[in-house]
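Please consider the structure shown below, with attention to its strands and its charged side chains.

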Amino acid sequence: MKGDRVEIVVDVGDATRTYEVVATRAGRRVETAVRRGLVEVTELTRSGAVVRTARFMASRVVALVEHPVKEGKPTEPDDQ
């Protein structure tokens with residue numbers, strides 16, 4: 001869903017680096033998979049075609065944070 005995003009924090013030796021994969025258009029989604037020592041984050045279309053993929057060595061990934069978009073109408077803050 002547009003707005004889905006995944007943040008990946010990777011150890012690069014003397015520091016950490018943060019990468020972000022975002023579903024950029026309506027109908028796209030972001031999926032994560034951990035396979036054979038790799039963390040793979042992919043942006044997909046409705047039909048399942050891959051738009052882009054980010055791959056990281058699992059041993060270097062410090063954190064993987066998924067931020068799904070809330071479905072339905074956005075709520076507005078109550079006036080008090």
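Predicted model: local features only at pLDDT ≥ 70, side-chain atom pairs only at ≥ 80, totals over all residues.

Residues are numbered from 1 along each chain as its sequence is written, and side-chain values use heavy atoms, with hydrogens and water left out.

An open sheet is built from 3 antiparallel strands in the order β2-β1-β6; strands are DSSP runs (E, at least two residues) numbered from the N terminus, and two strands pair if DSSP finds at least two bridges between them. At its edges lie β2 (16-22) and β6 (61-67), each pairing on one side only. Strand β1 (residues 5-11) is joined to β2 by 7 bridges, and Glu7 stands opposite Glu20 in β2.

The structure contains 8 salt bridges, each defined as a side-chain nitrogen of Lys or Arg within 4 Å of a carboxyl oxygen of Asp or Glu. One of them joins Arg60 to Asp11, with the closest N and O atoms 3.7 Å apart. This pair links distant parts of the chain: Arg60 lies in the loop between β5 (50-57) and β6, Asp11 in strand β1, 49 residues apart. Another connects Glu40 and Arg55 at 2.8 Å, N to O. Glu40 is buried at 18% relative accessibility, whereas Arg55 is exposed at 54% (buried means under 20% relative accessible area, exposed over 50%, partly exposed in between, with a 1.4 Å probe and protein chains only).

Arg36, in the loop between β3 (29-35) and β4 (38-44), has a positive phi of about 45 degrees although it is not a glycine.

Methods. Helix = DSSP H or I, 4+ residues; strand = E, 2+ residues; numbered from the N terminus.
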